[in-house]
Amino acid sequence: MTTTTDTPSGAAAARPDVDTAPRLPGLARLAGSRTVFEVRGFFREREAVVFVFAYPVLMLAIFATVFGAEDELLAGSGVHFPQYFLPGMVATGVMLSSFQNLATSIASERDDGTLKRLHATPLPATAYFLGKTGQVLVTALVQTALLLGVASLAFDVPLPTDPGRWWTFAWVFALGTAAGAVCGVAFSSLLRSGRSASAVVVPVVLVLQFISGVFFQFDQLPTWMQQVASVFPLKWLAQGMRSVFLPDDLAAIEPSGSWQHGATAAVLAAWLVVGLVVGVRTFRWRRRDDG
């Protein structure tokens with residue numbers, strides 16, 4: 001009597017439903033690898049690195065010099081103009097690292113066919129977007145740390161010592177960065193080409209800076225301009241940062257007379273949701289003329 005023993009290869013042949021293809025790593029590992037790739041790619045673009053990192057620092061230096069570091073913003077407050085401008089520069093840095101950076105880089109990747117080729121690979125779309133988000137978080141943190149260091153060392157701007165203020169900084173920073181990132185992804189789909197991306201995105205960012213209290217005291221802007229700015233996240237991001245770096249007494253010069261933390265969280269969260277919905281519905285992996 002002969003006994004037949006199935007080999008593993010025979011078992012696999014007998015069960016064609018068994019998937020013998022190598023499996024991809026988990027989403028977390030893919031997202032981490034993609035984040036490292038995106039960060040390296042960002043730092044290879046020297047022009048983008050210089051602009052994102054140097055722009056807020058240069059603006060702080062220019063405005064601190066023009067308006068002076070001796071006169072108090074409000075009599076008896078002890079707050080000088082460099083300290084008042086710092087929160088706006090932090091908010092601007094977050095917007096540059098998230099919204100402007102992603103809107104222009106994704107439009108360029110779509111234009112040169114990178115997104116089309118990437119979409120044909122097994123890499124999940126979620127890992128791609130998580131990698132972009134991770135890159136934004138890394139660059140925004142580095143840029144903010146650089147700005148705070150320059151403000152403290154060069155302009156004697158006092159940094160908070162209260163843990164509660166740093167907690168406020170953390171959630172405003174996280175919400176603002178996330179909202180800026182998803183809005184940048186969504187806005188990239190509106191751009192016709194990578195070549196025109198900067199010409200469209202940069203003016204939008206500049207206008208928002210001027211009407212959101214970044215370069216001027218927000219309460220001194222025209223009422224209609226304040227109302228328009230209140231629709232967009234940069235105004236609330238800057239106001240949230242002012243609540244971190246300015247004394248509580250300075251809340252009196254805000255149009256509402258308070259820091260409005262609840263409204264700040266609500267508006268930034270709303271833009272996060274809107275950006276996600278619009279981004280999911282409109283994101284394109286190919287150019288408009290590529291089918």
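Visitor: Which pattern does the protein chain follow, read along the sequence?

Guide: Happy to start there: the pattern is α-α-α-α-α-α-α-α-α-α-α. In numbers, the secondary structure comes to 11 helices and zero strands, where helices (H or I, at least four residues) and strands (E, at least two) are DSSP runs numbered from the N terminus. Please keep in mind that this is a predicted model, in which local features need pLDDT of at least 70 and side-chain atom pairs count only at pLDDT 80 or more, while totals for chains, interfaces and linings use all residues. Residues are numbered from 1 along each chain as its sequence is written, and side-chain values use heavy atoms, with hydrogens and water left out.

Visitor: Why is the pair of phenylalanine 42 and phenylalanine 53 called tilted?

Guide: Rings of Phe, Tyr and Trp (its six-membered ring) pair if their centres lie within 6.5 Å; planes under 30 degrees apart are stacked, over 60 edge-to-face, and the rest tilted. Here the centres are 6.2 Å apart and the planes stand at 55°, so the pair is tilted. Phenylalanine 42 belongs to helix α2 (residues 27–44) and phenylalanine 53 to helix α3 (residues 46–67), 11 residues apart.

Visitor: What makes phenylalanine 210 partly exposed?

Guide: Buried means under 20% relative accessible area, exposed over 50%, and partly exposed in between (1.4 Å probe, protein chains only). Phenylalanine 210 has 40% relative accessibility, so it counts as partly exposed. Phenylalanine 216, at 34%, therefore counts as partly exposed too. By contrast, phenylalanine 42 and phenylalanine 53 are buried.

Visitor: How do you know that the charged end of lysine 235 sits over the ring of tryptophan 236?

Guide: The rule asks for NZ of Lys or CZ of Arg within 6 Å of the ring centre and within 35 degrees of the ring normal. For lysine 235 the distance to the centre of the tryptophan 236 ring is 3.5 Å. Arginine 110 likewise lies over the face of phenylalanine 283, at 5.3 Å from the ring centre.

Visitor: Which residues touch the most other members of the largest nonpolar core?

Guide: A nonpolar core is a set of buried Ala, Val, Leu, Ile, Met, Phe, Trp, Tyr and Cys residues joined through side-chain atoms within 4.5 Å. Among the 53 residues of the largest one, Leu86, Val90, Met241 and Phe245 touch the most other members. The largest share, 13 residues, comes from α4. A second, separate core of 10 residues includes Leu102, Leu115, Val136 and Trp285.
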